[in-house]
Amino acid sequence: MGTEFSYYLEMAVRSLRRNPVLTALMVVAIALGIGACMTTLTALHVLDGDPLPGRSGSIYMPRIEPRASDASNEVLRPDQLTWTDGMALLHAARATHQALMVGGEATIRPGDPGVDPFIMPARFTSADFFPMFGAPFQFGQGWSAADDEGRAHVAVISDALNARLFGGANSVGRSIQVNDTSLRIIGVLAPWRPVPHFYDLNTGAYASPEDIYLPLTTARATQLPRAGGIQCWSTGSTEEALMESAPCAWLQFWVQLDSADAVKAYLAYLNDYVHVQHASGRFELLKPAELTSVKGLLDEKQVVPGDVRLQFWLASAFFVVCLVNTVGLMLAKFLRRAGELGVRRALGASRRHIFAQLLVEAAIVGLAGGVVGLGLAWAGLGLVRLNPNRSAQLAHMDISMLLTTFVLSVVAASLAGLFPAWRACQVPPGLHLKSQ
Amino acid sequence: MLDIRPILSTLKRHKVTAILLVLEIALTCAIVCNAVFLVRQRLDWMNTPSGIDEAHVVEVRPVNIGSTPAMHGRVDETLQALRQLPGVRYASLANELPFGFESWNDGIKLDKDVVAPVMHVTAFYGEGLINSLGIQLLEGRDFTPDEYAWLDDITSGRKDVVIPHVVIITKFMEDRLFHGSALGKTLYYGGEPMRVIGVVRDVARPNVMDRSLTYGSMLLPVRMSEGIGATYVMRVQPGQGDAVLKAASTMLREMDPNRVIQRKRHYSEVRAAYFASDRAMAGLLVGVCVALLIVTALGIVGLGSFWVSQRRRQIGVRRALGATRQDVLRYFQTENFLLATMGIALGMVLAYGINIVLMLRYESPRLPAAYLPLGAIALWLLGQAAVYAPARRASRVPPVEATRGN
C-alpha cells in the first residue's frame with residue numbers, strides 16, 4: 001500500500017506539473033475559497049466563544065422586575081438590579097458564590113509627578129467575583145467578604161496595569177492612587193479575558209476586562225465614577241449621590257449554582273423575595289423571577305454581530321462557487337488525459353487504481369490550496385483586525401482553526417475530484433490507442 | 001446567431017462541464033447582485049445626514065479626578081474661556097453628540113394619563129447647543145438664558161429648583177406626533193409637561209437602535225456639569241479645528257489640574273467611529289464580489305481552453321470547409337453568451353431566493369429589480385472578456401488540423 005501510494009503521489013505530481021496553468025487555476029480557486037471561509041469562520045469562532053470555558057454552565061444572572069407600574073421605560077426584562085435588591089440578594093448568600101458589581105472609571109495617578117494621570121476601566125465588585133469567574137492570580141489574591149463590609153481600601157490589578165506601573169514585578173503590598181483615594185494592592189491577575197464581556201454587556205460586548213478591581217462598597221464610599229447602563233423609573237434620577245436609594249437599576253449580579261436542584265431552589269428563593277417585596281409595596285409589576293444562563297444572555301442580547309454571521313454565509317457561498325469551479329477544471333484536466341488513462345487501462349491498471357491515483361491528485365491540489373489559502377486567511381485576518389471595532393481585534397487563528405483549514409481544504413478538493421475521477425475511469429481501455 | 005444549433009448540439013456532448021459553468025455563473029450572479037445591494041444599503045446608511053455643521057464641530061471631553069465643589073461656576077468659567085479662544089465661534093457643554101455611542105433616552109407621551117409612551121427619543125442637553133452644533137432652526141425660537149436649569153439641580157429633588165417646561169423638537173418629531181405645526185403644543189417627558197417652542201431641522205440621535213427613529217431627537221434647556229460623559233463641543237472658524245483642539249485641551253488642564261482630557265477630536269472622527277463597522281462590511285462585500293468575479297472568469301478561461309484543445313480537429317475541419325477566423329471566434333463567443341444567459345436566468349431566481357432568506361433573517365429590504373439587469377450585463381461582459389483569449393486561440397487553428405488525428 002505504501003509503495004502504491006508513493007507511486008500515485010509521483011504520478012500525481014508529474015501530471016500536475018504537466019499543465020501548470022490548469023493546476024494553478026485549481027489551486028487559486030481552492031485557496032481563495034478556503035481563505036475567505038477561514039477568515040470569516042475564525043472571526044465567528046472567536047466572537048461566538050464561551051467566555052468561561054468549563055464554568056459558564058453553572059453561572060446565572062438572576063432577574064427580577066423591580067419597577068413601579070408607572071414605569072414608562074419599555075425595557076421588558078431588566079438585566080440589572082437596584083442597590084437595595086442587589087445588597088439584599090448578596091447578603092442572603094443563597095448561592096455557592098454571588099457577586100454584585102458595576103463598571104467604573106479609575107483615574108490612576110502614577111507616583112512619578114512627571115507622568116500624566118491616565119484613565120483605566122475599573123470594576124467595583126464583591127469578594128466572590130474572583131473565585132466565581134475563576135480569574136487567575138499571578139500574585140496575591142482577592143479580598144474577603146469582611147473587606148467588602150469594612151470598605152477596605154484594597155485593589156486587584158490586571159497584569160497590563162501591573163506592567164505599566166511596576167514593570168511587571170510583584171506589586172502586592174504597594175499602593176496605588178486612584179482619583180483621591182489610595183488603595184493597597186492585594187492581588188495581580190494573570191492575563192485574563194472573558195470573551196464576550198458577558199458580565200456587563202453595557203460597557204461593551206467585547207470590552208477588554210477591567211484593569212483595576214476594588215470592593216463596590218469602597219468605590220461607593222469614595223465616590224469613584226460609575227460607568228455603564230442605567231435604567232430609572234418613577235421619580236428616579238441619575239444623581240450619583242442618591243444612587244443607593246433611587247429607583248434605578250444599575251448593578252449587575254451573578255450567582256454560581258452548581259446543580260439543577262440548586263438552580264430550582266434559587267429560583268424559588270428569588271420568587272419568594274419578589275413576593276415579599278410586592279407585599280411591602282415595592283415591585284408593583286409583580287413578574288416572576290428568572291435565572292438566565294451565560295449562553296442564554298448572549299443569545300438574547302444577540303451579542304455576536306449579525307454582520308459576522310452574514311460574512312460567514314457569504315464566504316461559504318463563495319467557497320461553493322470556488323468548488324464548482326474546481327470540479328469543472330478537474331473534469332477538464334482528467335478528461336484531457338483520456339488517452340494516457342486509456343493506455344494505462346490497456347496495460348492492466350484497474351479502474352480502482354486509476355480512480356485512486358486521480359483522487360490523490362485532487363488531494364494534492366487541495367493541500368496546495370490549503371497552504372495558499374492559509375496565507376490568504378492570515379492576511380485576511382490582518383485586514384479584519386484593521387477594523388477599529390473591539391470585536392475585530394480579537395480575530396486570531398489558533399491551532400484548531402489551522403488544522404481545520406487543511407482538513408477542510410483537502411476534503412473539499414477530494415470531494416470536488418470524486419466525480420471527475422469517476423468520469424475519467426469510464427474511459428474504455430485501448431480506445432484511444434487506435435485513434436492515436 | 002447562425003451557430004446556435006450546432007453550439008447546442010456540441011454542448012450536449014460536454015453536458016457536465018457546461019452545467020458546471022452555468023451553475024458557477026448562476027451562483028456568482030446571485031451572490032453579486034445581493035452583495036452589491038447590501039453594499040448600497042450600507043453606503044446609504046453611512047451617508048445619513050447628522051443635521052449639524054459637521055465640518056466645523058470639535059469636541060474635548062474632560063474627566064475630573066477629584067471632586068470639584070463649585071461645579072456650576074467651574075463650567076461657566078470654562079465655557080467663557082473657551083469662547084475667548086481664537087477660532088472658536090460657539091462653545092457648549094453637551095451630554096451627547098449625533099452618532100455618538102452614549103445616549104440619553106426616554107419615552108415621551110402626548111397624554112399624561114396614558115401608560116405607554118408614544119415615542120422613544122433622545123434629549124440633547126447643553127446651553128446654546130443650537131449654535132454650537134450648527135443646528136438649523138426652522139420654526140419658533142431658541143431657548144432664552146432664563147429658561148435653562150442645571151441638570152444636577154433638576155435631579156437633586158430639591159423643591160426650590162425650577163424645572164424647564166419648554167422643548168425644541170425635530171421636524172421628524174413634529175411630523176410624526178403633531179401632523180402640522182407643533183409650536184405651542186405640549187408633550188410629556190418624564191411625566192412633566194413640556195411646551196414646544198421651536199422646531200429644528202432633523203438631528204440624528206446617538207446610538208441609533210431603530211433606524212426608523214434616527215431623528216427622534218429633542219433639545220432641552222438643561223446645563224450639564226462635567227462628568228457622566230459630558231463633552232465640550234465647539235463650533236470653529238474654517239480650518240481652525242486642530243488649533244482649537246490643542247488650545248482648548250491645554251487650557252482645560254491649566255484651569256484645573258484635576259481634569260484629565262479623555263478625548264479630543266473633530267466631529268468627522270465621531271462619525272467615522274460610529275460607521276466603522278459598516279464601512280468595513282461594505283469593503284468586505286466589495287472584496288468578495290471582486291474575488292468571485294475573478295474566480296468565475298478564471299473558470300471560464302480554464303474550461304474555454306480545455307474545449308478549444310479538445311476541438312482542434314473539428315475547428316480545423318470547419319476552417320477547411322471555408323469558415324473564416326471571424327466565424328470561429330464568433331462561434332466560441334456565442335457559445336459563452338448562451339452559457340452565460342442560462343447562468344444568468346438561473347442566477348436571477350437564486351438571487352431572489354437569497355434575498356428572501358436575507359429578508360427573513362437579517363431584516364434586509366427587497367432586492368430592487370434594477371439589480372438584475374445590471375448583474376446580467378456585468379456577467380455577459382465578464383464572460384465575453386474571459387472567453388476572448390481561448391476563442392482567439394481557436395480562431396488561429398489552421399485548416400490543416402483537419403487532416404491530423406484526434
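**A walk through chains A and B**

A:Asn179 is buried, with a relative accessible area of 4%. Buried means under 20% relative accessible area; exposed means over 50%, and partly exposed lies in between (1.4 Å probe, protein chains only). This is a predicted model, in which local features need pLDDT of at least 70, side-chain atom pairs count only at pLDDT 80 or more, and totals for chains, interfaces and linings use all residues. Residues are numbered from 1 along each chain as its sequence is written, chains are lettered from A and ligands numbered from 1 in the order in which they are written, and side-chain values use heavy atoms, with hydrogens and water left out.

Stay with A:Asn179. Its place is in the loop between β6 (175-178) and β7 of chain A. Helices (H or I, at least four residues) and strands (E, at least two) are DSSP runs, numbered from the N terminus. Which residues does A:Asn179 touch, not counting residues up to four places away in sequence? In chain A they are A:Glu105, A:Ala106, A:Thr107, A:Arg109, A:Leu224 and A:Pro225. In chain B they are B:Asn64 and B:Ile65. Contact here means heavy atoms within 4.5 Å. A:Met120 is 59 residues from A:Asn179 in sequence, and their C-alpha atoms are 11 Å apart in space.

Now step to A:Thr181. This residue is in strand β7 (residues 181-189) of chain A. A:Thr181 is buried too, with a relative accessible area of 8%. Residues up to four places away aside, A:Thr181 touches A:His153, A:Ile176 and A:Thr222.

Next, look at a helix of chain A. Helix α2 covers residues 20-47, 28 residues in total. From first C-alpha to last, α2 of chain A reaches 40 Å, close to the 40 Å expected at 1.5 Å a residue. That expected span is 1.5 Å times one less than the number of residues. Is this helix enclosed or open, and how many of its residues are buried? The count is 21 of the 28, so α2(A) is largely enclosed by the rest of the structure.

Along the principal axes, the C-alpha trace of chain A spans about 100 × 55 × 35 Å. Of the 436 residues, 52% count as buried. Among contacts in chain A between residues at least 6 apart in sequence, 74% join residues at least 24 apart.

Turn to chain B. It has twelve helices and 13 strands. Its radius of gyration is 33 Å, while a compact globule of 406 residues would have one near 22 Å. Its C-alpha atoms fill a box of roughly 110 × 50 × 35 Å along the principal axes. Of its 406 residues, 53% count as buried.

Finish at B:Val32. This residue is found in helix α2 (residues 15-46) of chain B. At 15% relative accessibility, B:Val32 counts as buried. Leaving aside neighbours within four places in sequence, B:Val32 is in contact with B:Cys289, B:Leu292 and B:Leu293. B:Gly180 is 148 residues from B:Val32 along the chain, and their C-alpha atoms are separated by 44 Å.

Key:
Rg over C-alpha atoms; globule rule 2.2 N^0.38 Å.
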